[in-house]
Amino acid sequence: MVIIMLGAPGTGKGTVAGILQEKLGIKQVSTGDIFRKAIKEKTPLGNEVAGYMEKGLLVPDEVVIKVVDERLNQPDLENGVILDGFPRTKEQAIKLEKMLAKNNKKVDMAINLITPEEEIIERISNRRVCTNQECKAVFNVTMNPPKQDGICDKCGSALIQRKDDTKETIKNRLKAYYETSEPIVEFYKEKNVLYSSEVSTKINKLAEDVAKEVVEIIKK
Ligand code: ADP
Ligand code: ZN
């Protein structure tokens, strides 16, 4: 099973993907996480992508595609994957089809999350993420604070604010998203695999609710 997470930064893609990973037993792969790890470890890939990420700009297609192609061919993803943060451009979506086709696979579901922009900015600037890569829990200092300041409720590791979660960078990331997202959403709609949902406190619908709906659809 191949699931793709679509939606602007801060809509709750990571949260939905994390729940699906647990409930469906298939791994979540986040291109953003792969890049952040590479930057931290100062690998050649890390050096190549750091400048783009700090500014909130998209990493060039050829770089991202190579990373994903390598990752998809690893044995732990044989039964499926939840891709979070890829594809981000139509070019990437087309390449992904080809990579999957080589292994007789295809995208089974593209989950598109929609959140009002002011809510996104509020959410991202208050976001804190768990530094434990096996946990990756996400908190919000106003909406969903951890019990103890700076400590993850789930695993006790330190929480941090992502370096690119600043007001200025968020604006660039949203701009990059809105410029490239529509053709991708259209692409999966035409393939009849698109599942769109609003995620907003205004309608009292959270990422957790979307994840529950998706699990029900898949298990049917
Ligand atoms: P968010 O969706 O919250 O912005 P991500 O962790 O998905 O965060 O991505 C962080 C950054 O990593 C992006 O701003 C971009 O620079 C880079 N990146 C991640 N995935 C891709 C991709 N598929 N194509 C191009 N750049 C990417
Ligand atoms: Zn944690």
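A backbone N or O atom of L57 lies 2.6 Å from an oxygen atom of ligand 1, a polar contact in the sense used here (a pair of N or O atoms within 3.5 Å; within protein, one must be able to donate a hydrogen and the other to accept it, and residues adjacent in sequence count only if both atoms are side-chain atoms). The structure is a predicted model, in which local features need pLDDT of at least 70 and side-chain atom pairs count only at pLDDT 80 or more, while totals for chains, interfaces and linings use all residues. Residues are numbered from 1 along each chain as its sequence is written, chains are lettered from A and ligands numbered from 1 in the order in which they are written, and side-chain values use heavy atoms, with hydrogens and water left out.

A nitrogen atom of the ligand is 2.7 Å from a backbone N or O atom of G85, and the side chain of R162 places an N or O atom 3.1 Å from a ligand oxygen. The protein covers 96% of the 540 Å² of accessible area that ligand 1 has on its own (Shrake-Rupley method, 1.4 Å probe; for residues, only the protein chains shown count as cover). Around ligand 1 there are 19 residues, of which T31, R36, L57, G85 and R173 come nearest; a residue counts as near if one of its heavy atoms lies within 4 Å. Helix 2 (residues 31–40) supplies the largest share of this shell, four residues. Helices (H or I, at least four residues) and strands (E, at least two) are DSSP runs, numbered from the N terminus.

Turning to the metal, the zinc ion (ligand 2) has the SG atoms of C130, C135, C152 and C155 as its protein donors, at 2.3 to 2.4 Å. Donors are N, O and S atoms within 2.8 Å of the metal (3.2 Å for Na, K and Ca), and sites may look incomplete because water is not among the atoms. The angles among the four donor atoms run from 100 to 113°, and the site is tetrahedral (for four donors, all angles between 85 and 135 degrees). Along the chain, the donors follow the spacing C-x4-C-x16-C-x2-C. C130 lies in strand 5 (residues 127–130) and C155 in the loop between strand 6 (138–140) and strand 7 (159–160), so this pair ties together parts that are 25 residues apart in sequence. C130 is buried at 4% relative accessible area, whereas C155 is partly exposed at 34%; buried means under 20%, exposed over 50% and partly exposed in between (1.4 Å probe, protein chains only).

N132, in the loop between strand 5 and strand 6, is partly exposed at 24%. It touches the zinc donor C155 as well as S157, where contact means heavy atoms within 4.5 Å and residues up to four places away in sequence are not counted. N126 sits in the loop between helix 6 (117–125) and strand 5 and is buried at 17%. Its side chain makes a polar contact of 2.8 Å with that of E122, and N126 also touches F139, N140, V141 and T142.

Elsewhere, V16 in helix 1 (residues 13–24) is buried at 0%. Among its contacts are M5, L113 and V210. V210 is also touched by K205, a residue of the loop between strand 8 (194–198) and helix 8 (207–219). K205 is buried at 18% relative accessibility, and its other contacts include E198 and E213.

Methods:
Four donors count as tetrahedral if all angles lie between 85 and 135 degrees; four count as square planar and six as octahedral if opposite donors are over 155 degrees apart and all others between 65 and 115; anything else is irregular.
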